[in-house]
Amino acid sequence: MSQKTDWLIPDRLVLVQAWDQLSLDELRAINSESNALISAGTPMVHMIVDVTRVRKFPTNLREINAATRTTSPGQYGWTAMVTSNAVIRFVASVAVHAAGARVRMFEDAQAALRFLYEQDASLPQPVPAIPSPPEPPPA
């Protein structure tokens, strides 16, 4: 698996990090894991999805939409996507919007985190540090 989904702030902020090649099965796993966390969390639960180190990403929008569904729309806050890849930005934006979520794109994870704190004053202090995603293996 080239992804990790876990709490950055328990019950409030999910951090998804993906690297190398992200398959549809891994997107389904991310969706399942993040939906479970969001359902168990305290509204509003936000997400940072860091795909800065993803080299290959599914691009079939129909398949991506089928793999990504929100199960707790009343608990779901913002999704902050972190990537500089234009294709991933487009595909992810369409998929997240289709899932009914609010999304904003960022070049780095710290900017995404600052945005979420600006949007939701109830997020606990101090602001946590975001771990770097693993380096993908050499191509």
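Biologist: Where does isoleucine 9 lie?
Modeller: Isoleucine 9 is in strand β1, which covers residues 3-9. Keep in mind that this is a predicted model.

Biologist: Is isoleucine 9 buried or exposed?
Modeller: Buried. Its relative accessibility is 7%, and buried means under 20%.

Biologist: What is isoleucine 9 in contact with, leaving aside neighbours within four places in sequence?
Modeller: Tyr117, Pro124 and Pro128.

Biologist: And what separates isoleucine 9 from arginine 104?
Modeller: Their C-alpha atoms are 19 Å apart. Along the chain, the two residues are 95 residues apart.

Biologist: New topic. How many aromatic pairs does the structure hold?
Modeller: Two. In one, tryptophan 78 and phenylalanine 115 sit edge-to-face. Their centres are 5.0 Å apart, with 90 degrees between the planes.

Biologist: Which parts does that pair tie together?
Modeller: Tryptophan 78 belongs to strand β4 (residues 76-82) and phenylalanine 115 to helix α4 (residues 109-119), so the pair joins parts 37 residues apart in sequence. Tryptophan 78 and phenylalanine 115 are both buried.

Biologist: Why is the pair of phenylalanine 106 and phenylalanine 115 tilted?
Modeller: The planes of phenylalanine 106 and phenylalanine 115 are at 45 degrees, so the pair is tilted. Stacked needs under 30 degrees, and edge-to-face needs over 60. The ring centres of phenylalanine 106 and phenylalanine 115 are 5.3 Å apart.

Biologist: What are the relative accessibility values for those two?
Modeller: Phenylalanine 106 has 12% and is buried. Phenylalanine 115 has 6% and also counts as buried.

Biologist: Which residues do the ring pairs link into a cluster?
Modeller: Trp78, Phe106 and Phe115.

How values were computed
Residues numbered from 1 in each chain as written. Predicted model: local features only at pLDDT ≥ 70, side-chain atom pairs only at ≥ 80, totals over all residues. Heavy atoms only, no water. Helix = DSSP H or I, 4+ residues; strand = E, 2+ residues; numbered from the N terminus. Buried < 20%, exposed > 50% of the residue type's maximum accessible area, 1.4 Å probe, protein only. Contact = heavy atoms within 4.5 Å. Phe/Tyr/Trp six-rings, centres within 6.5 Å; stacked < 30°, edge-to-face > 60°.
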